Amino acid sequence: MIKDDWLEVKKENVHMIDGDYDYNGYEYVRNDNVKSDTAGNVGDILDVQSSLINNCDRVRIKSVPLVKDKMYEIQFAFLKGNEVKYLFKYDAELKKGMLLLKNYTSKCHGVPYLLGGCQVSQSRMGLTRDKNLLIQNYKDNSGALLLFFWSGYTINYAEKYKRINR
């Protein structure tokens, strides 16, 4: 879904992801390659649960190599003007040309696969050909067996954020 506008990140150029980006996205791409100008923000796609990120206008990203091969610490700073509003970090693994963030979550409710379900999500990030930020998110809600019918959904989407040259 992103192959038409994707720059492969390699071990030698991971640092290219470092920089400032608009907080709000400029393009949203669904798994069926349908594109829309209506995009969310970095805080939403990374599922940040803090009111401090409201009204931010940019995000600063810095990658720090870790001792283990192809592992990095990705530091995020959400800013309003020049004021840092919120900081956090994820470890990430360089895999298939993108950074797979270690933000895997799994939340189960009820009795999974019988009278409940599980929600699983994870993100990966990289760059577009124009060196803008690309974040791809995967969400799977493995449904429940309710009256002999399976229910659930899988969502795979990406959002793009413009690089700010400073």
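**Stop one: the largest pocket**

Begin with β9, which gives five residues, the largest share, to the lining of the largest pocket. Strands here are DSSP runs of E, at least two residues long, and are numbered from the N terminus. This is a predicted model, in which local features need pLDDT of at least 70 and side-chain atom pairs count only at pLDDT 80 or more, while totals for chains, interfaces and linings use all residues. Residues are numbered from 1 along each chain as its sequence is written, and side-chain values use heavy atoms, with hydrogens and water left out.

Now select Asp47, Thr105, Lys107, Ser121 and Lys139. Of the 16 lining residues, these lie nearest the centre of the largest pocket. Next, colour β8 (105-109), β9 (117-127) and β10 (133-142), the elements that each give two or more residues to its lining. The volume of the largest pocket is about 270 Å³. A pocket is an open set of points on a 1 Å grid over the protein atoms alone, where a 1.4 Å probe fits, with protein on both sides within 12 Å along at least five of seven lines; lining residues have an atom within 4 Å of a point. The volume is the space filled by probe spheres set on the points.

What is the lining made of: how many nonpolar, polar and charged residues? Five are nonpolar, seven polar and four charged. Asp, Glu, Lys and Arg count as charged; Ala, Val, Leu, Ile, Met, Phe, Trp, Tyr, Cys and Pro as nonpolar; the others, Gly among them, as polar.

Zoom in on Lys139, in strand β10. Its relative accessibility is 30%, so Lys139 counts as partly exposed. That class lies between buried (under 20% relative accessible area) and exposed (over 50%), using a 1.4 Å probe and protein chains only. Lys139 and Ser121 are 18 residues apart in sequence, yet 4.3 Å apart in space, C-alpha to C-alpha.

**Stop two: the aromatic rings**

Select Tyr23, Phe76, Phe78, Tyr86, Phe88 and Tyr90, which form one aromatic cluster. Rings of Phe, Tyr and Trp (its six-membered ring) pair if their centres lie within 6.5 Å; planes under 30 degrees apart are stacked, over 60 edge-to-face and the rest tilted. The count by this rule is eight aromatic pairs.

Look at Tyr23 and Phe78: their ring centres are 5.4 Å apart and their planes at 75°, so the pair is edge-to-face. Tyr23 lies in the loop between β1 (19-22) and β2 (27-30) and Phe78 in strand β5 (residues 71-80), so the pair ties together parts 55 residues apart in sequence. Both Tyr23 and Phe78 are buried.

Move to Phe76 and Tyr90. Their ring centres are 6.2 Å apart with planes at 75°, so this pair is edge-to-face. Phe76 is in strand β5 and Tyr90 in strand β6 (residues 83-95), 14 residues apart.

**Stop three: the strands**

Show β1 and strand β4 (residues 58-65), which pair antiparallel over four bridges. Strands pair if DSSP finds at least two bridges between them. Asp22 has Arg58 in β4 as its bridge partner, and Gly19 stands opposite Ile61 in β4.

Step on to β5, joined to β4 by eight bridges in an antiparallel run. Here Arg60 partners Ala77 in β5. The two strands, β4 and β5, form a hairpin with five residues between them; click Lys70 in the turn, where phi is positive, about 60°.

Finish back at β1, which pairs antiparallel with strand β14 (residues 163-164) over two bridges. Asp20 stands opposite Ile164 in β14.
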